[in-house]
Amino acid sequence: MGAEELDVLFQERIDANDKIEPRDSMPEEYRSHLIRQMSQHAHSEVIGMQPEGNWITRAPSLRAKKILLAKVQDEAGHGLYLYSATETLGISREELIAKLHQGKAKYASIFNYPALTWADMGAIGWLVDGAAITNQVSLQRTSYGPYSRAMVKICKEESFHQRQGYEIMASMANGTPAQKEMAQDALNRFWWPSLMMFGPHDSDSPRTGNAMKWKIKREYNDVLRKKFIDKTVSQANLIGLTIPDKDLKWNEAENSYDFGAIDWDEFWSVVKGGGPCNVKRLNHHKKAHKDGAWVRKAAAAYAKKQATK
């Protein structure tokens, strides 16, 4: 059977909503797309531990410390699930991490912004994880089986993360004037980068076509961004915070909010390495990876020893 016929059969399976499994025949372009998207997702979970891990010892209460520690631990687990799922496509974790360190693989641009105050922990949980949930709920129906199944558990835990962040913001917004000002400042700084998390407009995203055709993605970037805005504006109003967008207004005809222009120059600058924390985040990851080499070596030696028993 020729390549064209195999592609037709593959697309028929996709159109029938069959799950594609690791041993199934698949176009190389499908495999490559998944490796790029899933590894980027895994890298984002692990890099995303850095701004929050830095606040564990400085959280304002024992309860806050415990919750933040649990959240960072969850994110490490998410990275593990996603690296493992990506490895089912025939690429090793070592290769994936090497590409990250070489600058050949990306992670979510949002993690290249600094977390300056405790309120930022609230903004990250509420906005960043809220945006992630909006995007990832549809990924539970993605066409690749291992990715789809990993997303079920991840989405449940991300929901906890979003509630944790919103609780922090609500408490500060209803606290002292200084606390409310700090919460508003965090919202001001993280609002637009959170909207950028959904990626560029679909007309400017060359990979969107295949992603939708193969049902790797189930909804368009702009649709997901709108869903996030509509949900989050009402949450901000409830706790007395103001969305930092002078052009934000309700559109009765579309039953949705219209919003201002996103600074795509800033987005692409951060993606290409020009963000406030790009160098810092990557160097930290490289150092941690190097310092942990002995742990990986010991674990491999132990596994080999157990296998010979």
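**Getting to know the core and its rings**

Trainee: Let's start with tryptophan 118: buried or exposed?
Mentor: This is a predicted model, where local features need pLDDT of at least 70 and side-chain atom pairs count only at pLDDT 80 or more, while totals for chains, interfaces and linings use all residues. Residues are numbered from 1 along each chain as its sequence is written, and side-chain values use heavy atoms, with hydrogens and water left out. Buried means under 20% relative accessible area, exposed means over 50%, and partly exposed is in between (1.4 Å probe, protein chains only). At 13% relative accessibility, tryptophan 118 therefore counts as buried.

Trainee: Which helix holds tryptophan 118?
Mentor: Helices (H or I, at least four residues) and strands (E, at least two) are DSSP runs, numbered from the N terminus. By that numbering, the place of tryptophan 118 is helix α6.

Trainee: Which residues touch the most other members of the largest nonpolar core?
Mentor: A nonpolar core is a set of buried Ala, Val, Leu, Ile, Met, Phe, Trp, Tyr and Cys residues joined through side-chain atoms within 4.5 Å. In soluble globular proteins, nonpolar side chains tend to be buried together. Here the largest core has 51 residues, and those touching the most other members are Trp118, Met169 and Trp191.

Trainee: Which helix gives the largest share of this core?
Mentor: At least two residues each come from α4 (62–87), α6, α7, α8, α10 and α11. The largest share, nine residues, comes from α6.

Trainee: How many residues are in the second, separate core?
Mentor: Its members include Phe10, Ala42, Leu89 and Cys155. Cysteine 155 is buried, with a relative accessible area of 8%. The size of this second core is 24 residues.

Trainee: How many disulfides does the count come to?
Mentor: A disulfide is a pair of cysteine sulfur atoms within 2.5 Å. Cysteine 277 is buried at 7% relative accessibility, but by the sulfur rule the number of disulfides is zero.

Trainee: On to the rings: why is the pair of tyrosine 30 and tryptophan 214 edge-to-face?
Mentor: Rings of Phe, Tyr and Trp (its six-membered ring) pair if their centres lie within 6.5 Å; planes under 30 degrees apart count as stacked, over 60 as edge-to-face and the rest as tilted. The whole structure holds nine such aromatic pairs. In this one the centres are 5.7 Å apart and the planes stand at 85°, so the pair is edge-to-face.

Trainee: How many residues apart in sequence are the parts that this pair ties together?
Mentor: Tyrosine 30 is buried at 0% relative accessible area, and tryptophan 214 is buried at 7%. Tyrosine 30 lies in helix α2 (residues 28–47) and tryptophan 214 in the loop between α9 (208–213) and α10 (221–238), so the sequence gap that the pair bridges is 184 residues.

Trainee: How far apart are the end C-alpha atoms of α10?
Mentor: The expected span of a helix is 1.5 Å times one less than its number of residues. For the 18 residues of α10 that should give 26 Å, which agrees with the end-to-end C-alpha distance of 26 Å.

Trainee: What do the buried residues of α10 pack against?
Mentor: Among the buried residues of α10 are Leu224, Phe228, Ile229 and Val233. The elements that the buried residues of α10 pack against are α6 (118–139), α7 (145–173), α8 (177–196), α9, β2 (256–258) and α11 (264–274).

Trainee: Last one: what is phi of asparagine 255 near?
Mentor: Most residues other than glycine have a negative phi, and most peptide bonds are trans. Asparagine 255 is found in the loop between β1 (249–251) and β2, and is exposed at 56% relative accessibility. Its phi is positive although asparagine 255 is not a glycine, with a value near 55°.

Note on methods: Contact means heavy atoms within 4.5 Å.
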